[in-house]
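Please open the model in your viewer and keep the selection panel at hand. The tour goes from one selection to the next and says what is there.

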Amino acid sequence: IGSIDDGSSSLQMPMTLDDGNKYLILKTLERCNWNKTRAAEQLGITTRTIRNKLAEYQRQNESDPVAK
């Protein structure tokens with residue numbers, strides 16, 4: 001249907017809410033040089049949420065046979 005262009009890559013639509021959240025968290029971390037505190041402040045979430053999401057993304061990658 002469309003895409004969001006942040007200048008470096010394109011986010012394809014449609015997507016799930018989880019995919020959108022993952023994209024926003026990872027892009028914000030990249031922009032903050034992986035500083036979780038600063039990224040959390042920019043996103044309005046806690047650093048604990050970022051840690052939990054990163055752990056979740058890691059588990060998803062480990063269980064995804066295509067990612068291996």
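Begin by selecting helices α1 and α3 (residues 47-63), whose axes come within 11 Å and cross at roughly 115°. α1 and α3 are therefore roughly perpendicular to each other, a term that covers angles of 65 to 115 degrees, and α1 passes α3 in a left-handed crossing. To see the contact (heavy atoms within 4.5 Å), show Asn21, Lys22, Ile25, Leu26 and Leu29 of α1 with Ile50, Lys53, Leu54, Tyr57 and Gln60 of α3.

This is a predicted model, in which local features need pLDDT of at least 70 and side-chain atom pairs count only at pLDDT 80 or more, while totals for chains, interfaces and linings use all residues. Residues are numbered from 1 along each chain as its sequence is written, and side-chain values use heavy atoms, with hydrogens and water left out.

Leu24, Ile25, Thr28, Leu29 and Arg31 of α1 meet Lys36, Arg38, Ala39, Gln42 and Leu43 of α2.

Now go to the ends of α2.

Finally, colour the protein chain by pLDDT (the predictor's confidence in each residue, from 0 to 100): confidence is lowest in strand β1 (residues 3-5), at a mean of 46, and highest in α2, at 98. Where pLDDT is low, the predicted coordinates should not be read in detail.

How values were computed
Helices (H or I, at least four residues) and strands (E, at least two) are DSSP runs, numbered from the N terminus. Axes are lines fitted to C-alpha atoms, for helices over the stretch in contact, and angles run from 0 to 180 degrees between N-to-C directions. Angles under 35 degrees count as roughly parallel, over 145 as roughly antiparallel, 65 to 115 as roughly perpendicular and the rest as oblique. A crossing is left-handed if the near helix is turned anticlockwise from the far one by less than a right angle, and right-handed if clockwise.
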